[in-house]
Amino acid sequence: MIASYLLFILVLSVFVGFELIRKVPATLHTPLMSGANAISGITVIGALALAGGEQTELATWLGAASVLLATINVVGGYMVTDRMLAMFKSR
Amino acid sequence: MFDYSVLINFVYVLAATLFIFGLKLLGHPATARKGNLLSSVAMLIAVVITLFSKEIISFELIIASIVVGSLIGLYAAKKVEMTSMPELVSLFNGIGGLASLAVAYATIASDQTLSTFVIIVSFIALLIGAITFSGSVIAWAKLSERIIGRPIVFKGQVVTNIAVVIAIVLCGVSLVNNPTDSTIPYIALGLAIVMGVLIVLPIGGADMPVVISLLNSYSGLAACAAGFALSNNLLIVAGALVGASGIILTNIMCKAMNRSLVNVLTSGFQPVVTNDIKIEGEIKPLSAEDAYYVLEAAQNVLVIPGYGMAVAQAQHVMKELQELLENNGAEVGYAIHPVAGRMPGHMNVLLAEADVSYEQLFEMDEVNPRIEAYDVAIVIGANDVVNPAARELKGSPIYGMPVINADLAKNVFVLKRGMSSGFAGVDNPLFFKQNCRMIFGDAKETLSNLVRQFAD
């Protein structure tokens with residue numbers, strides 16, 4: 001049951017994603033990619049429970065490593081995207 | 001103790017909504033910055049609310065990891081040069097893959113009994129994460145010229161690839177049968193890392209925009225698969241959005257080169273196409289002084305930049321020249337081919353950095369129908385993307401690729417170092433056309449020279 005429910009969410013999200021991204025103009029493709037990088041850092045919320053929970057030592061350290069890596073993605077991705085978008089000026 | 005799990009899930013719905021609105025606002029340069037901010041707010045509330053979950057009992061490691069990660073991210077974002085954005089995005093793709101890999105591995109290695117479904121999705125997350133990681137590292141090394149850019153192939157590569165895939169599938173099957181076996185995940189991990197390397201090695205430097213887009217997509221899919229392993233909705237939604245974005249960009253890049261994804265991924269295996277088509281005409285060089293007289297009289301000027309402009313760091317001088325031309329009464333526009341630069345939209349960012357307004361940046365399809373109206377087209381460091389052979393020379397390796405029809409403008413100036421051919425290694429008949437003049441030399445120096453002529 002849980003598998004089909006998760007799959008349902010996946011399929012809908014993919015369609016929303018296609019519709020949204022299709023409308024992004026070519027000018028913004030680089031910021032789109034770095035912004036997407038930041039969003040893929042969402043793994044951090046999965047890793048938090050591993051890093052701070054009652055787990056085996058291995059799982060805890062893997063969780064902490066994942067939090068660290070995903071945070072690099074999140075912070076670095078959003079910051080560099082903002083830096084780029086600030087340069088896009090109208091006349 | 002109050003159970004926050006219901007609240008957490010509601011906040012996840014809010015975060016997913018904000019991600020979607022953020023991407024929507026990214027659809028226009030005027031609102032894009034707000035969209036990025038909205039997306040980052042979504043991430044922040046998702047992280048903060050997750051900290052309330054009852055599984056989390058200690059915070060020391062979490063805080064330490066977040067602080068260190070933020071500092072590294074901040075440093076990278078502040079330091080990177082805009083010319084090196086492709087390298088940074090590659091590294092970030094790899095880091096995202098590694099993060100998902102760690103989560104998947106921790107799930108597999110945990111001492112809880114897992115359902116077959118969770119084992120399979122964790123295994124998939126592990127694989128995608130590992131392939132994304134090693135593939136991105138190779139892509140980064142190619143982009144930063146730490147390893148050679150041309151396709152790397154060896155004898156028996158195809159057989160090796162197939163063997164690796166079969167071995168990975170066998171690992172998956174035996175893991176499902178022996179979920180507690182701790183050596184199988186190690187073997188699968190190693191194989192997947194080899195797989196990532198094997199996928200990217202045979203891809204040439206010119207095809208890097210495709211590879212980066214594809215790996216971008218993988219990093220999202222890895223997060224998505226990790227979401228399945230943890231039954232976390234928000235991971236699935238956000239990962240799917242990133243996956244979809246990468247797939248769309250991959251598709252746009254492939255179309256812009258008139259090639260299929262399969263062709264890009266395997267082109268290293270194919271013999272080099274040689275064409276003996278003779279090009280008629282002769283090369284006509286022009287001095288910057290003479291170019292100035294033509295530009296002074298021009299009403300409509302189109303600039304067609306390629307990666308060579310970025311290498312020469314000529315975008316800032318070009319902007320100076322643009323202002324002088326505009327003061328002289330000319331209209332100036334920039335035509336940007338989808339695969340100009342090393343990643344999608346790279347040229348646009350470099351020009352934005354040089355203060356060129358985004359309203360002056362045109363896509364190929366906007367420019368081509370009215371290209372005859374331009375008095376001068378200045379091609380800076382671009383070659384294949386303006387090659388008319390794509391339109392008129394059947395049998396040319398790039399025949400059929402959509403190009404900017406620079407040769408149809410009234411005059412064409414090509415700023416070029418020498419007569420070497422482009423990435424694709426194809427001769428360019430544009431250089432031999434009646435209306436084309438070559439201005440040899442470093443693009444930055446040539447443009448500075450033109451700026452000086454205008455100032456006098």
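This is a predicted model: local features need pLDDT of at least 70, side-chain atom pairs count only at pLDDT 80 or more; totals for chains, interfaces and linings use all residues.
**View 1. P305(B) has I380(B) as its bridge partner in β4(B).** Strands of a sheet pair through backbone hydrogen bonds, either parallel or antiparallel. Here β1(B) and β4(B) run parallel and are joined by five bridges. So how enclosed is β1(B)? Five of its six residues are buried, so β1(B) is largely enclosed by the rest of the structure.

**View 2. On to the pairing of β1(B) with β2(B).** Residues 300-305 of chain B form β1, and residues 331-336 of chain B form β2. The two strands pair in the parallel sense over four bridges. Look for V301(B), which stands opposite V332(B) in β2(B). Then find V303(B), whose bridge partner in β2(B) is Y334(B). In a regular strand the side chains alternate between the two faces of the sheet.

**View 3. Six strands of chain B make an open sheet with parallel pairing.** In which order do the strands of this open sheet stand? Reading across, you meet β3-β2-β1-β4-β5-β6 of chain B. The edges are taken by β3 (361-363) and β6 (436-440) of chain B. Each of these two has a single partner strand, so one side of each is left without a neighbour in the sheet. From one strand to the next, the twist averages 25 degrees.

**View 4. I304(B) sits in the largest nonpolar core.** This core has 196 residues. Those touching the most other members are L126(B), I304(B), V379(B) and I380(B). What does I304(B) touch, leaving aside residues up to four places away in sequence? Its contacts include A335(B), A377(B) and I378(B). Also among them are V379(B), I380(B), V386(B) and I404(B).

**View 5. Chain A is built from four helices and zero strands.** From the N terminus on, its elements run α-α-α-α. The radius of gyration of chain A is 17 Å, well over the 12 Å that the globule rule gives for 91 residues, so chain A is more spread out than a compact globule. Its C-alpha atoms fill a box of roughly 55 × 35 × 10 Å, taken along the principal axes. Even so, buried residues make up 65% of the 91 residues in chain A. Among contacts in chain A between residues at least 6 apart in sequence, 60% join residues at least 24 apart.

**View 6. Chain A meets chain B.** Here 78 residues of chain A are in contact with 97 residues of chain B. On the chain A side, the elements giving two or more residues are α1 (2-22), α2 (29-40), α3 (43-52) and α4 (57-85). Which element gives the most to this side of chain A? It is α4(A), with 27 residues. By type, the residues on this side divide into 46 nonpolar, 25 polar and seven charged.

**View 7. Our last stop is R91(A), in the segment after α4 of chain A.** Is R91(A) buried or exposed? R91(A) has 7 other C-beta atoms within 10 Å, so it is exposed. Not counting residues up to four places away in sequence, R91(A) touches S357(B) and E359(B).

How values were computed:
Residues are numbered from 1 along each chain as its sequence is written. Chains are lettered from A and ligands numbered from 1 in the order in which they are written. Two residues are in contact if their C-beta atoms, placed from the backbone, lie within 7 Å. Ala, Val, Leu, Ile, Met, Phe, Trp, Tyr, Cys and Pro count as nonpolar, Asp, Glu, Lys and Arg as charged, and the others, Gly among them, as polar. The radius of gyration is taken over C-alpha atoms; the globule rule is 2.2 Å times the number of residues to the power 0.38. A residue is buried if 20 or more other C-beta atoms lie within 10 Å of its own, exposed if 12 or fewer, and partly exposed in between; C-beta atoms are placed from the backbone. Two strands pair if DSSP finds at least two bridges between them. Axes are lines fitted to C-alpha atoms, for helices over the stretch in contact, and angles run from 0 to 180 degrees between N-to-C directions. A nonpolar core is a set of buried Ala, Val, Leu, Ile, Met, Phe, Trp, Tyr and Cys residues joined through C-beta atoms within 7 Å.
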